[in-house]
Amino acid sequence: MKNLITVLVVIIILGAGGWYLYSQQTKKSGEEANANETIVATVNGEEISRDDFNALRAQVIAGQGIDTESMTEQESEEFDTQLVDTLISQRLLQQAVSDSGIIITESQIDEQVNVIKGQFESEQAFNETLSSQGATLADLREQVRSELASQAYFNQELDISSLSASDEEIQVAYDEATAGQENAPSLEEVREQALQFVLQQKQQQLINELMQVLRSNAEIEIFI
């Protein structure tokens with residue numbers, strides 16, 4: 001479960017690799033970009049720093065075991081573009097949550113942190129994992145706060161609780177997941193997992209659509 005903390009740290013990515021650039025997003029010329037070496041983008045006037053970009057880049061590389069040395073120049077550029085896109089999505093979401101007035105209590109954070117701790121064999125193992133990722137308990141608590149606030153915002157804006165999955169959709173998900181497998185479990189054995197998979201897909205689609213709306217209404221500049 002060591003990856004759990006890493007997942008929390010970058011959870012606001014939320015599939016952001018699929019959220020690309022919209023009409024009100026402007027890419028700066030090379031000359032302007034060079035003049036802003038400490039900033040990779042601005043979102044509604046708020047700056048995203050080069051330090052934030054470098055931190056996310058290092059985290060994704062370490063977490064996914066990416067060999068950047070083997071990347072072509074084009075692949076490297078695309079990788080960096082997706083990282084900036086992720087940070088933009090993250091900042092848009094933070095701004096939307098802030099505007100919504102949603103407040104997460106310390107007790108809510110305590111509860112979630114305790115759930116995370118429970119995935120480790122001991123308190124020491126938990127602390128060692130935090131340390132190995134260059135994070136502190138305070139960092140984790142802040143990320144948990146952000147995640148809980150984001151989930152509350154999505155629930156408020158998207159009516160996620162009303163999502164459902166038909167028997168046909170569950171069957172399709174099962175067929176796709178078990179295609180080509182020998183001795184695959186029966187649908188009844190994994191029906192709940194198939195149901196959750198379908199619901200998660202639908203939730204992600206709603207989130208993507210909401211993020212596109214936030215982007216279309218935002219003023220975004222990119223300097224990388």
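Biologist: Which residues in H8 meet which residues in H9?

Modeller: In this predicted model, Asp167, Glu169, Ile170 and Ala173 in H8 meet Arg191, Ala194, Leu195, Phe197, Val198 and Lys202 in H9, where contact means heavy atoms within 4.5 Å. By class, this contact of H8 with H9 has six nonpolar, no polar and four charged residues (Ala, Val, Leu, Ile, Met, Phe, Trp, Tyr, Cys and Pro count as nonpolar, Asp, Glu, Lys and Arg as charged, and the others, Gly among them, as polar).

Biologist: How should I read the numbering and the values?

Modeller: Residues are numbered from 1 along each chain as its sequence is written, and side-chain values use heavy atoms, with hydrogens and water left out. Local features need pLDDT of at least 70 and side-chain atom pairs count only at pLDDT 80 or more, whereas totals for chains, interfaces and linings use all residues.

Biologist: Why is H8 called roughly perpendicular to H9?

Modeller: Two packed helices are described by the angle between their axes and the distance between the axes. H8 and H9 pack at an angle of about 100°, with their axes 9 Å apart, and that angle makes H8 roughly perpendicular to H9, because the label covers 65 to 115 degrees (under 35 is roughly parallel, over 145 roughly antiparallel, and the rest oblique). The axes are lines fitted to C-alpha atoms, for helices over the stretch in contact, and angles run from 0 to 180 degrees between N-to-C directions.

Biologist: What makes H7 roughly perpendicular to H9?

Modeller: The axes of H7 and H9 come within 11 Å and cross at roughly 90°, so H7 is again described as roughly perpendicular to H9. In H7, Gln151, Tyr153, Phe154, Glu157 and Leu158 meet Gln203, Leu206, Ile207, Leu210 and Leu214 in H9, and the residues of this contact divide into seven nonpolar, two polar and one charged.

Biologist: How do you know that Asp159 is partly exposed?

Modeller: The relative accessible area of Asp159 is 44%, and the residue is partly exposed because buried means under 20%, exposed over 50%, and partly exposed in between (1.4 Å probe, protein chains only). Asp159 lies in the loop between H7 and helix H8 (167-178), and its phi is positive, about 55°, although it is not a glycine.

Biologist: Why does Asn183 count as exposed?

Modeller: Asn183 has 80% relative accessibility, so it counts as exposed. Asn183 sits in the loop between H8 and H9, and its phi is near 55°, a positive value in a residue other than glycine.

Biologist: How do you know that the span of H4 is close to the expected one?

Modeller: H4 has 28 residues and reaches 41 Å from its first C-alpha to its last, close to the 40 Å expected at 1.5 Å a residue, the expected span being 1.5 Å times one less than the number of residues. Just after H4, Gly101 takes a positive phi of about 80°.

Biologist: What makes a set of residues a nonpolar core?

Modeller: Its members are buried Ala, Val, Leu, Ile, Met, Phe, Trp, Tyr and Cys residues joined through side-chain atoms within 4.5 Å. The largest such core here has 39 residues, and those with the most contacts inside it are Ala41, Ile48, Ile88, Leu92, Tyr153, Phe154 and Ile220. H4 gives the most to this core, with nine residues. A second, separate core of nine residues includes Ile170, Ala173, Ala194 and Leu199.

Biologist: How many helices and strands are there in the protein chain?

Modeller: The protein chain has nine helices and four strands, each a DSSP run numbered from the N terminus (helices H or I, at least four residues; strands E, at least two).
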